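Please keep the sequence and the coordinates at hand while reading.

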Amino acid sequence: MVGVGLVGTGFMGKCHAIAWNAVGTVFPEAGKVRLVHLGEANEEFARRRAAEFGFAKASGDWRAVIDDPEVDVVSLTTPNQFHPEMAIAALKAGKHLWCEKPMAPAFADAEAMAASARRSGKVAVLGYNYIQSPAIRHIGKLLDEQAIGEVNHVRIEMDEDFMADPEALFFWKHEASSGYGALDDFAVHPLSLISVLFGRVARVMCDMAKPYKDRVTADGGRRAVETYDIASVLMRLESGIAATLAVNRSAWGRKGRIALQIFGSKGSILFDQERANELQLYVTSDRPTEQGYRTILIGPQHDPYGAFVPAPGHGLGFNDLKIIECRELLARLAGRPSRMVDFTEGLEIERTVHAMARSFEQQKWIEVR
């Protein structure tokens, strides 16, 4: 039975805990796990979270989690800037690792994490849950079958409005130490879809913007915003496909939008994560009198939806994608085929993000290499 350690219990930490608790129920073939040890910023908070999440032990020091001999795999869900030290330490301690995205704010740190994973021989994967969507999986099958012919153009957007209020308090995602902003906080998710569905990005041209130059601080002062909430990118994929990417953390009205548009020689496919249980398909093989977008509602015929719900149209949610991801991790630990982004593949996504940042700084097209 796999022993689980969890470091960090915020939004994504709770999401991991839900997944570890539910994976054996939804996917009995995945096997049972033991929730062994939870780590947080202090002992009291850790004990409270461990009781809530179902972990047997709690510590106010993350090192105690990775040093625990009963822990086989560590879920790492701390803020981005803490990933490198914690991830490398966990791998050196002989633990498998499930780390939230992005790998690290600095590319050199991401490289060090990938190198450590290679040396360790342990499973080290990243939390790209949107690639687990039954709708995205089905889109991949449609592309493999060339249902819309040869793809020539891809547009992908990710928008949320949790930073849209100009009077919202300054917090850690506004600090340069957290990364570039929407580019690595957000764009890595759309880039994971590009990677899984279409392969590597070859060249990029990027622009970034700050909608608000400063923010109110907790003490009533103001502090300059150091990250960019908006990024727009032209891309050329290694396959030759033209692509565009637009991301915005300050887009009023958008809650969890990842809008994917795929255009081919014989049709097109549309998907939006805010309507995660459907996709739209247009094919020119239909008679002209009936040509138009058809809505395909996700159901048990779209694996692995049926493991959750036996009836179509009832819908899966964000946490369900994490449960699927947890199933894929356990499959990889058992040596079975799995659909995940490991540290080597994740480094390519990081490489693309940093190429985009260099493009913005240098105001020109940049090769991703």
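Which residue takes a positive phi just after α2? In this predicted model, the residue is glycine 54, with a phi of about 95°. At the other end of α2, which spans residues 43-53, a side-chain oxygen of asparagine 42 reaches to within 3.3 Å of the backbone nitrogen of glutamate 44.

Within α2, Ala46, Ala50 and Phe53 are buried, and because they cover an arc of only 75° around the axis, they lie on the same side of the helix. The face turned away from that buried side carries the exposed residues Glu44 and Ala51, while the cover over the buried residues includes β1 (2-7), α1 (11-26), β2 (33-39) and β3 (57-59).

Helix α4 (residues 83-92) has seven of its ten residues buried, so it is largely enclosed by the rest of the structure; the buried residues are His83, Pro84, Met86, Ala87, Ile88, Ala90 and Leu91. Just after α4, a glycine again takes a positive phi, as the table sets out.

Turning to a helix pair, the axes of α5 (residues 107-120) and α10 (residues 343-362) come within 9 Å and cross at roughly 170°, which makes α5 roughly antiparallel to α10. Among the α5 residues in this contact are Phe107, Glu111 and Arg118, and on the α10 side they include Phe343, Glu350 and Arg351. By class, the contact has seven nonpolar, two polar and four charged residues.

Notes: Residues numbered from 1 in each chain as written. Predicted model: local features only at pLDDT ≥ 70, side-chain atom pairs only at ≥ 80, totals over all residues. Heavy atoms only, no water. Buried < 20%, exposed > 50% of the residue type's maximum accessible area, 1.4 Å probe, protein only. Helix = DSSP H or I, 4+ residues; strand = E, 2+ residues; numbered from the N terminus. Arc of directions from axis to C-beta. Contact = heavy atoms within 4.5 Å. Polar contact = N/O pair within 3.5 Å; in protein donor to acceptor, adjacent residues only side chain to side chain. Axes fitted to C-alpha atoms, helices over the stretch in contact; angles between N-to-C directions. Parallel < 35°, antiparallel > 145°, perpendicular 65-115°, else oblique. Nonpolar A, V, L, I, M, F, W, Y, C, P; charged D, E, K, R; others polar.
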